[in-house]
Structure formats: C-alpha cells, structure tokens
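Reader: I am new to reading structures. Please show me how to go through one.

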Amino acid sequence: MNPRIRDWQGKRVWIIGASTGIGAEVARLLLTKGATVALSARNREQLRHIAQAYPKALALPLDMTDLVSLQTAHTQLLAEWQQLDLVLVVAGAYNEMRADSFNLADANHVLDVNVRGVYQCLEVILPTLLKQGAGGIGIVGSVAGYSGLPKALAYGPSKAAIINLCESLYVDLHPKNIGVYMINPGFVATPMTANNDFDMPALMTAPAAAQALVRGLEQGEFHIHFPKRFTNWLRLARLLPYRGYFYLVHKVTGL
C-alpha cells in the first residue's frame with residue numbers, strides 16, 4: 001500500500017520519541033542500515049548519548065506538546081537537510097486507568113501527548129511533505145486502540161483516535177505520493193510498560209519490535225502490527241458480537 005523502501009542509504013528520517021524504547025531502537029537500527037536520523041524527545045542527555053555513537057545521527061530535543069518547540073526543531077532540521085524522507089512519531093504517554101480510579105488530570109495528560117501532540121506534529125510536518133510531493137509519515141498507535149480493554153480507559157481511546165487518524169491520512173496523502181504507516185505494537189518491554197502489574201501476552205523486546213517495525217516500512221505496509229500471533233487474535237476478536245467479545249475479554253484477562 002506504500003512504496004517499498006529497498007535501501008536506507010541517504011534516507012533522512014526524523015524520529016520523534018527516540019530517547020528510549022521502540023523509538024531509540026528503531027533509530028539505532030536505521031542508522032546501522034545507512035540512514036541519516038534526527039532523534040527527538042525531551043531527554044537531551046539520552047539523545048546525546050545515542051547520537052554520539054553514530055556519525056549520521058543528529059540530536060534534536062523537543063517537547064511534542066509544545067508547538068513552538070516542534071516548529072523550532074522542524075526549522076533547524078530543514079536548514080540542515082532541506083528535505084524529509086520519513087517522519088516517525090513514536091512518542092506517547094501511558095496510564096493504567098479503570099472507571100473506579102478515573103482521574104481527569106491523568107486522562108488529559110494522555111490525550112495531550114497521544115492525540116494533541118500528534119496533531120501538533122502534523123501541523124509542522126504536513127506542509128513540508130505536501131510541498132515535496134514525496135516522503136512519508138508513520139505514527140505509533142497500539143493494539144489497545146482496536147477495541148475496549150480493561151485498564152485502558154484513557155490510553156485505549158487515545159490510540160483508537162490514532163488508528164482513525166492514520167486511515168484518514170492515508171485516504172488524503174496516498175494520491176499525493178506520500179506514504180502513511182499505521183503502527184500498532186502489542187506489548188513491548190520498555191520503560192513505559194515496566195510498571196504493569198498484569199501478564200503481558202507475547203511480550204517483545206524493544207530491539208525485536210524495532211526489527212518488526214522497520215521490516216513493515218521496508219515492505220511498504222500501511223498497517224504495521226506485531227507480534228502477529230497476538231495482534232491478529234485481537235483483530236479477530238473485535239469482529240465478534242459484543243456479547244462474545246466482552247465474555248472473551250473477561251475470560252482471558254480475569255478482570
């Protein structure tokens with residue numbers, strides 16, 4: 001559904017959310033494949049630590065919830081590169097929440113990062129991609145966005161919004177020669193999931209997740225999801241009638 005990426009040599013990739021977890025591992029992998037990569041996140045020291053190990057890496061700190069911060073970084077990057085071949089928005093916020101522990105401030109924080117932050121990225125990125133008439137954008141959602149799950153009262157809806165957003169972006173941007181990649185990981189061992197107090201089926205390491213993500217980009221997939229033995233099960237479950245779906249969720253999770 002997107003053009004295949006057969007060679008990363010010379011590709012200019014901007015990763016927003018590259019200080020830890022999947023974003024950091026994707027950055028390292030693409031750098032070893034020959035891409036030039038700009039690494040963005042709030043953690044300056046971690047970005048600098050990664051960038052120092054690779055001559056084609058550029059540390060570009062920013063806060064995606066701060067539009068001015070994004071605009072400043074975007075301006076600096078275009079002055080350096082003149083063009084963007086691929087932007088990956090990987091940064092996200094995670095919070096376990098159920099109805100009996102609802103907290104509006106925590107919910108707003110998740111929405112600020114996972115939804116409003118992504119829209120602010122689009123504010124600065126889309127004009128550049130449209131002007132180029134080339135390039136691509138990938139946004140990391142989650143399998144939690146497929147359908148309602150326990151402990152996902154804020155996180156799940158924020159990722160459901162990303163799924164809808166990516167589908168709409170594809171409709172608009174594919175005819176204009178701009179790639180769109182909807183990336184939905186399952187459970188990945190990162191600092192974001194380290195405090196989960198429940199079993200995480202088919203848990204992947206961050207390097208393995210990065211390999212799966214990059215493989216999807218190279219194959220030109222629109223919907224990049226992994227590990228498929230888990231994500232395909234969830235995709236099938238969402239097709240059940242609600243009575244069957246809710247029974248299955250309670251049966252599997254015990255919640």
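Author: Start with contacts, meaning heavy atoms within 4.5 Å. Among contacts between residues at least 6 apart in sequence, 66% join residues at least 24 apart in this chain. This is a predicted model: local features need pLDDT of at least 70, side-chain atom pairs count only at pLDDT 80 or more, and totals for chains, interfaces and linings use all residues. Residues are numbered from 1 along each chain as its sequence is written, and side-chain values use heavy atoms, without hydrogens and water.

Reader: How many helices and strands does the chain have?

Author: Both are DSSP runs, numbered from the N terminus: helices are H or I, at least four residues, and strands are E, at least two. Here there are 8 helices and 9 strands.

Reader: Is tyrosine 181 buried or exposed?

Author: Buried means under 20% relative accessible area, exposed over 50%, partly exposed in between (1.4 Å probe, protein chains only). Tyrosine 181 has a relative accessible area of 4%, so it is buried. Of the 255 residues of the chain, 49% count as buried.

Reader: Where is tyrosine 181 placed?

Author: Tyrosine 181 lies in strand 6, residues 179-185. From tyrosine 155 it is 26 residues apart in sequence and 20 Å apart in space, C-alpha to C-alpha.
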